[in-house]
Amino acid sequence: MDKQKRIHNNKIVVLPLVLMLIIILLATFGSSWTIINSKKEISCLEDGWSISRGNSQIDNVDLIEYKIGDSKKGEVITISKNIFVNSGEMSLMFKSFLTSVAIYVDNELVYTYGLDYLQNDGFVPKKYNIVTLGSTGYHDISIKYIVGENNFADKFPPIYYGTKHDMLSYFFSYKRTSFFIGAFLIVYSFLSFSLWIYLYCINKASSQLIIGAVFSLMLGFYVYAYNDITCIIDNHAMLFSVSEYVDFYLMPLALTILLYSLHSNAGQRRQKFFIGLNIVYPIVFIDMHIYDYIHIQRFLPFVGVIAAVEMTCLIPLLVKSVIEKQRERMEQEYDANVDSEVYLIIGAIVLMIFSLLELIVLRVYKVNEVITKPSLFMSFNFIEIGMLFFMMCHFIYYFMNSIDHMSESRIKSQLEGLAYKDALTGLMNRARCSQVTATLSGNYAVVSLDLDRLKYVNDTLGHLEGDRMIKAFATLITEAFEGASLIGRTGGDEFIVVFENPTADVCDKSIRRLEAGMDRFNKSNGTFFLSASCGYAYSYEVNSKNYKDVFYLADQRMYKVKEEHHG
């Protein structure tokens, strides 16, 4: 037992090492050392802006450092700058969120976005705006923001200058870690879903597998939406923006359901309460957004607090339940795998901790990312690493849990074999025959067989030859009575065969095959000869159709044959 515990502890220690390896690999992959597009002509237009708000104007402002402060819905903020355009392909790219934008080049309106949403007093989705500036030369550029929500942002998003191709290439290069993690989660989701369909078709589907598939898909899409990868797409901005929040609000529901399917008995009322809560509040928030009472992004802090409270309340209960279950299983007579659930719980704990870390880092360091000023660890996102690690733990959990069940099934089958199989012949023993025949009903046939001259062989040739005689006869029965529901040995020289839903001549044909097999055996064996007395009966021959009555009739017929043999 101590050795088993040491092995178990060593396995768990591997997880932190795997997590550290993932962090190192992703940090290296996403660092500025491996950036591909460093030679692209793209720059961030930071300084030299003029900002006009109401009756005031501020000149020569560093846009990245400027703090917007309080802003009111409907307020107009205009930023302007004189830019030298050195090619007709040069463009501006910047993100807008909760505001409409109108871009003027030399006082001529060239681009608008979001005005239609504001006119309907609606939610303005986020979008990366890309605008071609036109001919070579100096141009006065003005961007007019119309605020769609109170306090929509702390700072203006960076405005990038370059060709459209270069800016998109640099953007996707900067976001490559997030792109990889999102792709992994989505592919894992589809693979899990495909495996679930296959297992469902063979009646072996697992609820944890389909829940994990849905959760992984939500996480993957959220990674893309959160990192603005979806808002590069020209169409469906509203769908992608709203889906980002819907995914975020449904994550606690998916996680609590997954954990409930793992240990439903651990704080059952508490788990059901949180599942119910996680069902209700997304519905309420979505309805309030649809009817324009409160837009969906306003509930982010509330959901974050609720998710933290839920995990704080549930994870200790689940850890306690897993520990108790492990102790029980380790005390059993067989050594099945007991680590799978521990991996999933650790994955959930890491996801929660890394989510809190990301909130802290986001507030302190990532108020406004500038992709043209990559730090050593570009787009290093703790919550994404937590998601990736959790789904890897889910894979380990499901893989090891499947092995666990196969081991238990194999051990159970072996134990049942020891309890219900005849040690000498491998046929079902008397106890198993009694279990099967006790449940017989409907149309069936019973064959009673008695091996002739077993006592004579035991007395004259010895019990080893007697055993060989029994084994040879059992092999011939198995071959002759192919398709039988039950073939068993009920005594020293007594055997029984049961056919369910038999054809009219199945017993006759099987007995003739047995006799032919014994003839072939006798011609090649000079030590002893095989012969048997057989009798059979069909259930329709007995009014009660009770097994005892059917067997009695078959046994009586067998004894008549036996008397003829001994006569």
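Guide: Welcome! The protein chain averages a pLDDT of 83, and 85% of its residues score at least 70; pLDDT is the predictor's confidence in each residue, from 0 to 100. This is a predicted model, in which local features need pLDDT of at least 70 and side-chain atom pairs count only at pLDDT 80 or more, while totals for chains, interfaces and linings use all residues. Residues are numbered from 1 along each chain as its sequence is written, and side-chain values use heavy atoms, leaving out hydrogens and water.

Visitor: Where is the pLDDT below 50, and how many contacts does that stretch have beyond near neighbours in sequence?

Guide: Residues 1-7 are such a stretch, with five contacts beyond near neighbours in sequence; a contact means heavy atoms within 4.5 Å. Residues 333-338 also stay under 50, and there the model has 15 contacts beyond four places in sequence. Where pLDDT is low, the predicted coordinates should not be read in detail.

Visitor: Why is C433 called buried?

Guide: Buried means under 20% relative accessible area, exposed over 50%, and partly exposed in between, using a 1.4 Å probe and protein chains only. C433 has 4%, so it is buried. C507, at 0%, counts as buried too.

Visitor: How many disulfides are there by the rule?

Guide: The count comes to zero. A disulfide is taken as a pair of cysteine sulfur atoms within 2.5 Å.

Visitor: What makes β11 and β13 a pair?

Guide: Two strands pair if DSSP finds at least two bridges between them, and strands are DSSP runs of E with at least two residues, numbered from the N terminus. Strand β11 (residues 444-451) and β13 have seven bridges, so they pair, in the antiparallel sense. S448 has I496 in β13 as its bridge partner.

Visitor: How do you know that β12 pairs with β13?

Guide: Four bridges join β12 (residues 486-489) to β13, so this is a pair by that rule, and the strands run antiparallel. With four residues between them, β12 and β13 form a hairpin. Strand β13 (residues 494-500) is mostly covered, with five of its seven residues buried.

Visitor: Why are β3 and β7 said to stand at the edges of their sheet?

Guide: That open sheet of six strands has the order β3-β2-β4-β9-β6-β7, with antiparallel pairing. β3 (56-61) and β7 (108-113) each have a single partner strand, so one side of each is left without a neighbour in the sheet. Within this sheet, β2 (residues 49-53) and β4 (residues 76-85) pair over four bridges, and S52 has T78 in β4 as its bridge partner.
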